Each structure stands twice: as structure tokens, then as C-alpha cells.
Amino acid sequence: MEFVEVREGSARILVPKAERIYDAPVFYNPVMALNRDVSVLAVSVIKPERVLDALSATGIRGIRYALETPAGEVWLNDISEDAFRLILKNARRNLGVEGEMLGERRFVFRGEKTVVANHDDANRLMAEKFRYFDFLDLDPFGSPVEFLDTALRSVKRRGVLAVTATDTGVLCGAYRQACRRKYLAEPIRGELCHEAGLRILIGTVVRYAAKYDLGVEVLLAYYRDHYFRAFLRLRSGAKKADRSVSMLGYLMQEASGRFEYETGFLPERVPSHGPLWLGPLKEQEFVEEMLTLTKEKALAHKKTLSFLETLAEELDLPFHYDTHALARRNGLQVGKLADVIDALRETGYRATRTHFSPTAIKTDAPFDAVIEAIKSLK
Ligand SMILES: C[S@@+](CC[C@H](N)C(=O)[O-])C[C@H]1O[C@@H](n2cnc3c(N)ncnc32)[C@H](O)[C@@H]1O
């Protein structure tokens, strides 16, 4: 394998030389540097002791956790032999210690931090390390569902589970049957598909967690670059689980773009989409602490800061209005987004941009007021 060196955050790692990222024997996607930046900031705020990067590839994510966060013990795991060898190489380069073999499939580096490189199926490792990790990161190809049960048993009952899902075609309804099969949920097509997909993903974790009497609180969840990401704090107890389940519900949308949502175990109306999470997508204080930390961290992606600022400013209400979609659906002219926001604010409503789409707003204004605001700009 031929390598090139890449710098990301405080890490210098070797990645396979390849024409296209999916041709490489070990996966490295530079676009995901923003995901890793956000994760480093999140872990720095959470301050977990034991961290697992369950699907590690080159090791970049876990190595950044070891170098850039207060975590004391970081595990990097991958099922691929090539990945495991590269994790060992990258760990040696970045940690400056040689490390020692611990059994046939495990290597431990004892330096300032303890870093364990492991070569196994993630489900086997997580089953072995029961209630061990304070922060557990699932960053798979596609859907995280095949790892959810073991992850929810491997993370501590008050720990944090971070999930990435790159199967946006499934969660956004392009492959409806696959969404039913993997997430037991009905997706939606159209302008609400990304927010609904993120909420279906969180809703799925809520339902998996509930059977262990675990509740879920969302520290931060977002959509970006064709993937979903959620940092989920677990809460121990049947009542906590019931509370999280009570925040699941359904979304209904008319041809005009008017939408409604309702909490409930079963949908009251058809057609409806879900079940999906209808609770918050962020804890404001958590995001603001992350933003404060951006001043002292070496961020790798030039858009991380502005993206976090958008997330911090965004109104946290379920669903949004895409002004272009509303104009198209209702035969209207569309003005500038900033003017629509101003028009709504002038009539006493709250309104902000949303990270889900550059042409959309989040607002507490009813549908008719949004239509009026668009019309008033002619
Ligand atoms: C998307 S990549 C991980 C990227 C990495 N987290 C990063 O930030 O660059 C997914 C990795 O999961 C590994 N993988 C797939 N199935 C696995 C399993 N069952 N157990 C452990 N690793 C697995 C693959 O070999 C691949 O390296």
C-alpha cells in the first residue's frame, strides 16, 4: 500500500494513496474533517474518560480524540486487517510510544493517554466491554442500526452515544422500503426529507434505548454533506425512557407545503411519516460551550466554525419552510430569505435560517403567515 501524509487537527496521519476515496483499501474522507472537528469539540465539552471509536478505518478520529480532548483512554477498532495495521502505524507516529501486544488482536499504547488498537468486529468488542465506555462513536459506512444494540450495552447508562448515518437515500425516502426495513419508519420525500431523516434516526435510537430503560437527550444533531450526525446523552431509568418515547410522533404534509406534526405512539391521521423524534435537536448551552472551545482548538475544516454558528443561532422547532419549495408549490414569486425572515419578525414571529437548507427558515409563524410574508415582498 502506498501512503500520503495528511494533517488534520493535531494529528498527522498516513492515508492510502488512491484516485477516489472509495477505491482506497482503508477509508479516509477529507470532507468528514468537519464531522471530526465537531466531534472533537463535543468530546472536549463532555469530558469522557473512556472513549471508543468503534469503526476506526485509519484511526484519525480516535487519534484526534486522544490528542485533542481530555479523554484518558481511547479505543480504536476496525474489522479490516489493513485498517488495523494502519491504525497501529498512525498511533505510533502520533503518540510517540511503541506500544505492546495484548493478546492476538489488541495493542496498547501507554503514554500520556492510554490508546488501545483493536482488530475485531465492532459488535464483538462492544459485547465484551459491557457498560465500559463514557463516549461511544459509531461512524459506519451507511446505517448504524446493525451496531445500535451492542453500542447501547457497551456505553455506560449515563454515557454519550454518537452516531453517523450516511444512508441518506434511505432515511430521506429515496428507498422507502429500506427505510421501513432498517428503521421501521415511513420516510418523507421533498423539502422536509433531511430534517425528517435526522428525526427518524434519533427516533430509532430512542426506541432501541427504551427497551433497556434508557432515555435519550439530544446534545446536538445535524445534517451535512449527505450524512446525519447525532450526539445523544443517555439517561438511566424507565421514566426517562418513557419520557423520550413520549417525544416520538408523526409528520403530515399537504400539497401546499403546510405541515403539521403530532406526538403519539401511533399516528392519528394518514398519510403520515414516522415515527420520528419531535424533541429538540440541541442543548443550547452545549453548542455554545463548543463554540467557545473553537478559540483554542486547531480546527481542520474551514467551515466548522460558521456551521456551528448557524446551528447555535437556529430556532429549535420541529421542521422548517423552504421558501423556494413554498413558492413552487403555491405559484408565488420568491424574495430574499433575509427579507422573509425580517417580514415575519416585524409581525412578531420568531424566524431564523436553518442548516437544513440555504433557502429555508425555521419559524413559530403558522403556514398562512409564512405565505403572507413571501407575498408581501413582491
Ligand atoms: C466510514 S469508515 C470509518 C471512518 C472513520 N471513523 C473516520 O472518521 O475516518 C467505516 C469503517 O468501519 C469498518 N467496519 C465495517 N464493518 C465493521 C465491523 N462489523 N466491525 C468493525 N469495523 C467495521 C470498515 O472497515 C471501515 O474502516
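**Sheets, helix pairs and domains**

Me: In what order do the nine strands of the open sheet with mixed pairing stand?
Reply: This is a predicted model, where local features need pLDDT of at least 70, side-chain atom pairs count only at pLDDT 80 or more, and totals for chains, interfaces and linings use all residues. Residues are numbered from 1 along each chain as its sequence is written. Strands (E, at least two residues) and helices (H or I, at least four) are DSSP runs numbered from the N terminus, and two strands pair if DSSP finds at least two bridges between them. The order in this open, mixed sheet is β5-β6-β7-β4-β3-β8-β9-β11-β10.

Me: Which are the edge strands of this sheet?
Reply: An edge strand here pairs on one side only. The two that do so are β5 (100-101) and β10.

Me: Which residue of β8 stands opposite L52?
Reply: Strand β3 (residues 50-53) and strand β8 (residues 133-138) run parallel and are joined by three bridges. The residue opposite L52 in β8 is L136.

Me: What angle does the direction of helix α3 make with that of β7?
Reply: Helix α3 (residues 81-95) packs on the sheet and touches β4 (73-78), β6 (106-110) and β7 (114-119). Angles run from 0 to 180 degrees between N-to-C directions, and axes are lines fitted to C-alpha atoms, for helices over the stretch in contact. For α3 and β7 the angle is about 165°.

Me: Which residue in the hairpin of β1 and β2 takes a positive phi?
Reply: Six bridges join β1 (residues 3-8) to β2 (residues 11-16), and the two run antiparallel. F3 stands opposite P16 in β2. Two residues lie between the strands, and the one with a positive phi near 60° is G9.

Me: How many nonpolar, polar and charged residues are in the contact of α13 with α14?
Reply: The axes of α13 (residues 337-346) and α14 (residues 367-375) come within 9 Å and cross at roughly 120°, so the two helices are oblique. V340, A343 and L344 of α13 make the contact with A369, V370, A373 and I374 of α14, where residues are in contact if their C-beta atoms, placed from the backbone, lie within 7 Å. Ala, Val, Leu, Ile, Met, Phe, Trp, Tyr, Cys and Pro count as nonpolar, Asp, Glu, Lys and Arg as charged, and the others, Gly among them, as polar. By these classes the contact has seven nonpolar, no polar and no charged residues.

Me: Which elements each supply at least two residues of the side of domain 1 that touches domain 2?
Reply: The domain assignment, automatic or from a database, gives domain 1 (3-304) and domain 2 (320-375). Their C-alpha centres lie 32 Å apart. Ten residues of domain 1 are in contact with eleven of domain 2. The elements that each supply at least two residues of the domain 1 side are α8 (193-210) and β10 (214-224).

Technical notes:
Contact = placed C-beta atoms within 7 Å. Parallel < 35°, antiparallel > 145°, perpendicular 65-115°, else oblique.
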